[in-house]
Amino acid sequence: MIRAFFQPTEIEEALRLGRELGDFATFLAGGTELNAGYAPPPPPNLISLGKLDLGQIERKGGLFAMPATCTIQEMLDASWIPRALAEACRRIVNRNVRNMATIGGHIACNKSCSDIIPALVVLQARMEMTVVATGEERSCSVMEFVESDPPRALIRRILVPDGGGRRVAIENYTRSGNDMSILTAAASISDEDEKIQSPILVVGGVAKNVVRLETLESSIDGGPLPPLEEIEKRVKENVSPISDLRGSAELKRHLAGVLLARALGRAAKGREGGER
Amino acid sequence: MKIVFELNGKERAFDLSPGERLRALLKREGFLSARNGCDGQGSCGACSVRLDGRTVNSCQILAAQVDGKKVQTLESLSAHDQLSPLQSAFIDAGIVQCGYCTPGMLMAVEDLLEREESPNREQIKDAVSGIFCRCTGYEQIFAAVDLAKKRMVDPGCEAKVAPEYRPELRVVGKSKRKVDGVDLAKARPAFVEDMVRPGACHLKVLGSPHAHAYIKRIDTSAAKALDGVVMVVTHETCPDVYYNQAGQGFPEPSPYDRKMFGSKVRHVGDRVAAVVAETEEIAAKALELIEVDYEVLKPVLSIGQAAAKDAPIVHNSEVSYVVGAPSDLDNSGADPRDGKIIYQFPIHADPRRNIAASVSGGIGDLEKGFKEADVVIERKYSSSQVQCTPVEPHIVYTRMEKGRLVIHGSTQVPWHLRRIISKVLGIRENQIRVIKERTGGAFGSKQDMVLEEIASFCTWVSGRDVLYRYTREEEFIASRTRHVMDVKVKLGARKDGTLTAVHMDVRANTGPYGAHCLTVPMNACSKSLPLFLCENMGFDVTTYYSNIPPTGAYQGYGAPKGSFALQLAVAELASELGMDHLGLVEKNRVREGSMLEILRCLGEGREGTPQRVHTCGLGPALEQGASMIGWGKREKNEDPDVRIGKGFAIIQQGSGLPDLDQANATLTMFGDGTFMLLSGGTDMGTGLDTVTVKMVAECLNIPMSHVSLIPADTDVSGFDVGAYASSGTFFSGGAALNAAKAMREKILDAASSMLGEPLENLEIVYPGEVRGKSGSVAYGEIALDTMSGTGRGQLTVTRHFVTSKASFPYGAHFCQVAVDTRTGKVKIQKYHALQDAGTPINPELTMGQIFGGVLKTIGHSLFEEMILDERGRCQNANLLDYRVPMASDLPDDFQVRLIETDDPFGPYGSKSVSEIACNGAAPAISAAIHDAIGVWIRSWPFTPEKILKGLGKI
């Protein structure tokens, strides 16, 4: 049962509350996950981030910068965000949810089938946060955040390199229009020549969190685009999804191969949806 | 805590608890528009409001989060007696059916129109992407937005949203404003939840965690001792009365196989105990205090498990018959803990073998027919369990008034409800009043008494007001779903395509209790076989008990599953014969003048009657549909992974149940010549109330505004079986028309006296005047005369409608799909529904019902499915994981064409439209998938796994 709702207006105040209340409190961003009827009961104290000034969504200094409290719809409304990122945001089809859900909250939830995290990873996005316990300012890549067990922190900004010289493509698979993705895949390569350079290959829905297929990346780095059937086969060999009500392991493994191969193919060929 | 925010333009301060949702705050402040369809999951959008201009789910937001912000609810859109352009456009475009989601839709589109002056189709879909509507199929929202934009410039702009029919008639066949539309679009009190008085108690039920178990011990003492608990009910304290919850005409074919609470639970979520308490929180706490010991039994979850020789017996009950008990009835071995089963008449059940009902029949000589065939195919088609998912879950509010029980219900069957509750409570029918409020969607699930009898009992015993509302999870596991079926179809045909024999073997899973266990599976045959003309036809139907969540009625009532099987089998036969599917259907289909002998053996629990087809729009439906879809033309696609295919199905339903259904209507003239219509018709949002008003207005040559209506109140209106079996327009509309015709005679008779002219000199002219050769009298003058001290008495008539004639609506559905051969994903590119509804009384609402029925069954075909684990627990009992069709699922090209026929029996030539649209999607889509990739998918939903396996990809 929620006993107290705090609305700090200063970051320091939010951090202080976080420190003092410890495990008996959590930060509340948009609330589309924390307040949802299916969610586990939250701790008794909520520290709302709604009145914090974490800055504006902006394009500056070679970066797209998004405050953590920026909603998914606000990102979409900023027409200049990378096309692949916009495409990923649009895959949260429910506009009512997009109007409340924040990018910081989305990343903090760190869902296996996140639509946006794969796009951020292949775009080499980074995050700025403040560790609650120590007040330490930290910066890490989105992938580092996703795959590690980060200390409790207040996410402040998401930074996406502007014009990073990469071709990007994302794919996802849903059963129905508003369904959560069963599988997500994203690929990016350096936009230097006809060869695959510095690939980043990401799959969601096959493990606890979004995963990066670094072995596969290394094996194709510097070479020509392999046949997509070969990519598909090797992705399937490198993922171990589980069967659940969203789909069988067999289906997910198959889709992981197909979708990542498609994403890589699109990125390499600069097909529609690829981002330069 | 205290917060301040701007609510509909005014700064307001509120005291609240930190965890209170914004929706709850708005509700307690009297804002009705923030509805609740998903218990805070954020998957239905019925609670949508605008927060700082953006549409959000108020159930997902803590009220504290809006401190300092601006909140706008639907109530702000227009003044008391006005409609905003958007509100009026929504009603007039036919996008308001049950109206439960309408406030959310309106807020979302209001938001859109402030952002985009001329939104396109994709932008409109995006705007309403968070709002779940089960009735309308979303498609007409595009016309509504277009109309709203025009009305913003020209408030008087007339709606032209649907074709018009019957030019000689004034309101029938024309789009006229839905009579309940204004209330729904303005979120005026309309639904059960809006009627609840302060201080009402809350009822909650403890559901069984086991699919199959005996209750060995139950201790409710701690719950009863909890402060605020009013009463607790269990199998030990409930009435010892057996009944069935199915709302069917008495005597029902459904077995009386349950009490209010049993000592055996038969599905996860089955009733164990009920608590009535002064608050919802206390009721929930009390449930936690009830101790129950179970003897857990092995559950039966499939038809195969139920039919197995050593299957656990779901109803090892003592059996008796009101009439027709078999001479070999043997109750030895019955377990008293299983209770009893009482059959009103034999339905060929064998509960010891888990058979809830069975029936066989046919015409001609099947064996001979198959011998004459050049090609014989036999295929099995199966289907999953799908849920009706009305946006408004089941709800009832009961209270006492002057010593009588008043039930505010969201029900399709007020009179059946009164009858059954009278029996269960052991009180007389005149002690009960049922008021049918607006239903927030029903689709068959509210044909049954799912929760009303518990609340009624508690109110009757305690005298307290009681509110009982299902959660969304309860709606899935303890409401109604479509019967699961396996259907084997055997077809024989000559080389030229002539059918020589048709046989359907239907195995159905009715779940824990036998609601509709005979009639739903029979309907799989009775709405499928008569589509084809073949001398040799037969069917076998066997329904099994099991421990899955309860099944029952669901729009289409078995027909969608029979249609899927038979229509797809015919498509497969065409493939085997090397014939064009359309050509094969044309060769064998029903047509005007056909005599349907097969109906002789397809009565509902009794012998049926062969019927002649008097009107049949199948010919033009097939011709136009084939032209629209480009039948026979192979579509090209640039993506090598994607294949495109086309398919179609022919469909039919009935128009109520001849010789079984009855409707009544009373019409009274008021002092100024206007009228009050008391109709038993039970409008579920489909527009039935508008139909009955139109019947009177058309017949009496008056504006619709001169007819007021009180529908479906058992104290006020006459008996009506209710809204099921596609009976509304035909029966309730027929009763209203019969009453209007009788009133017309009375009016003419009175005018004849007043004018001193013979009847043959008189005519009724618009707007409510009788004209003779010597002069005329207005209805108001007639009213004054008849109600004067020397008058003949106030003009009032009551008439009923029954018929032994059947009027079949027909249709053809065509679709075009794109199948991704590498992912198994199916995209519906085109869906064209061509339907013969006789004279469409409300064309825009007729189209809306078809759009809605189609989209619902596209969902059933492609992704809807209740998933049970090995213990019978539903794993996806919420709208998100179950997946319901949203605007994002609309076919790219979605069209409805109405094929006009003039039915000789329906009022003003009408036929039904409410269910038939559910019968086409599954077979048409599956046939199209085969056309695209050469794989027959014989079980729904058509999952990517099935498609990829069919292609050998996984």
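**Exercise 1.** What radius of gyration would a compact globule of 276 residues have, and what is the value for chain A?

*Solution.* The model under study is a predicted one.

Step 1. For 276 residues, the globule rule gives a radius of gyration near 19 Å. Chain A has 19 Å, so its value agrees with that of a compact globule.

Step 2. The C-alpha trace of chain A spans about 55 × 45 × 35 Å along its principal axes.

Step 3. Burial is then considered: 59% of the 276 residues of chain A count as buried.

Step 4. Among the contacts in chain A with a separation of 6 or more, 60% come from residues 24 or more positions apart. The secondary structure of chain A comprises 10 helices and 12 strands.

**Exercise 2.** Determine how helices α15 and α23 of chain B are oriented relative to each other, and identify the residues in contact.

*Solution.* Two packed helices are described by the angle and the distance between their axes.

Step 1. The axes of α15(B), residues 559-577, and α23(B), residues 921-933, come within 8 Å and cross at roughly 30°.

Step 2. Angles under 35 degrees count as roughly parallel; α15(B) and α23(B) are therefore roughly parallel to each other.

Step 3. The crossing of α15(B) and α23(B) is right-handed.

Step 4. On α15(B), the contact is made by S563(B), F564(B), Q567(B), L568(B), A571(B) and S575(B). On α23(B), A922(B), P923(B), S926(B), A927(B) and H930(B) take part.

Step 5. Classified by residue type, this contact of α15(B) with α23(B) contains 6 nonpolar and 5 polar residues, and no charged residues.

Note on methods: Residues are numbered from 1 along each chain as its sequence is written. Chains are lettered from A and ligands numbered from 1 in the order in which they are written. This is a predicted model: local features need pLDDT of at least 70, side-chain atom pairs count only at pLDDT 80 or more; totals for chains, interfaces and linings use all residues. Side-chain values use heavy atoms; hydrogens and water are left out. Axes are lines fitted to C-alpha atoms, for helices over the stretch in contact, and angles run from 0 to 180 degrees between N-to-C directions. Helices (H or I, at least four residues) and strands (E, at least two) are DSSP runs, numbered from the N terminus. Angles under 35 degrees count as roughly parallel, over 145 as roughly antiparallel, 65 to 115 as roughly perpendicular and the rest as oblique. A crossing is left-handed if the near helix is turned anticlockwise from the far one by less than a right angle, and right-handed if clockwise. Contact means heavy atoms within 4.5 Å. Ala, Val, Leu, Ile, Met, Phe, Trp, Tyr, Cys and Pro count as nonpolar, Asp, Glu, Lys and Arg as charged, and the others, Gly among them, as polar. The radius of gyration is taken over C-alpha atoms; the globule rule is 2.2 Å times the number of residues to the power 0.38. Buried means under 20% relative accessible area, exposed over 50%, partly exposed in between (1.4 Å probe, protein chains only).
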